[in-house]
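Welcome to the tour. Please open the model in your viewer and keep the selection tool handy.

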Amino acid sequence: LECRRVLFRSVSKYNGTVSWNKVKQDGVEFALLRVGARGYSTGNIVLDENFADNLKSCSQNGIDVGVYFFSQAINTYEAIEEANYCVAALGGKKIRYPVIFDSEKIMNDSYRTENLTSTELTNIFKAFADTVKAYGYTPMVAGTKEQLALHFDLESLYGYDVWLLDIGEKTEYPYRYTIRQYADDGKINGINGNVDYNICLISYADK
């Protein structure tokens, strides 16, 4: 059983320059870094401008990483494009933790994926997952319990790792997950502002 602290959404350009040596000294063992995102209205893909520096600095400081991409793919072609984008951004670097398809509802605005059926969104994720797996990486899907339960075919997700975004001491999500975000107001030396805390429940070293 792994139960480790991890940085999630806060590790992006919005936190500016991160002092990863201080992060390591504060007891963080792995971090999940944002590669980039597809615009929820434009559909354009944008690289997180701090991703390369964060990836390099984590490696230099002995912090294991996974990466995530904020997806707004509306078909399998775009999902494969996003997966290839993540792999290209890694530049051949092998990472211990997953390459993650992050699917979320946009609050108070319309967005590209809001009218997809659960079957369509599940097939889009599978196209992303199959692509990153073909490159030797572990795929994962991330979402809130509402997003996962209402907008994915959970039966078809059997066998895929899940990152559950559910703030609080306990969760009512009844299905399998391997990482859970449980707080969004954490503090870590070396990072400006709040960061998200997560626990990992399996050993990716054995996968």
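**First stop: a strand**

Select Asp 184, which sits in strand β8 (residues 179–186); strands here are DSSP runs of E with at least two residues, numbered from the N terminus, and helices are runs of H or I with at least four. This is a predicted model, where local features need pLDDT of at least 70, side-chain atom pairs count only at pLDDT 80 or more, and totals for chains, interfaces and linings use all residues. Residues are numbered from 1 along each chain as its sequence is written, and side-chain values use heavy atoms, leaving out hydrogens and water.

Beyond neighbours within four places in sequence, Asp 184 is in contact (heavy atoms within 4.5 Å) with Ile 167, Asn 194, Val 195 and Asp 196.

**Second stop: a helix**

Move to Glu 82 in helix α3 (residues 76–90). Glu 82 counts as buried because its relative accessibility is 0%. Show its contacts too: leaving out residues up to four places away in sequence, Glu 82 touches Arg 38, Ile 45, Phe 69, Ser 71, Gln 72, Ala 73, Phe 101 and Phe 128.

Conventions. Buried < 20%, exposed > 50% of the residue type's maximum accessible area, 1.4 Å probe, protein only.
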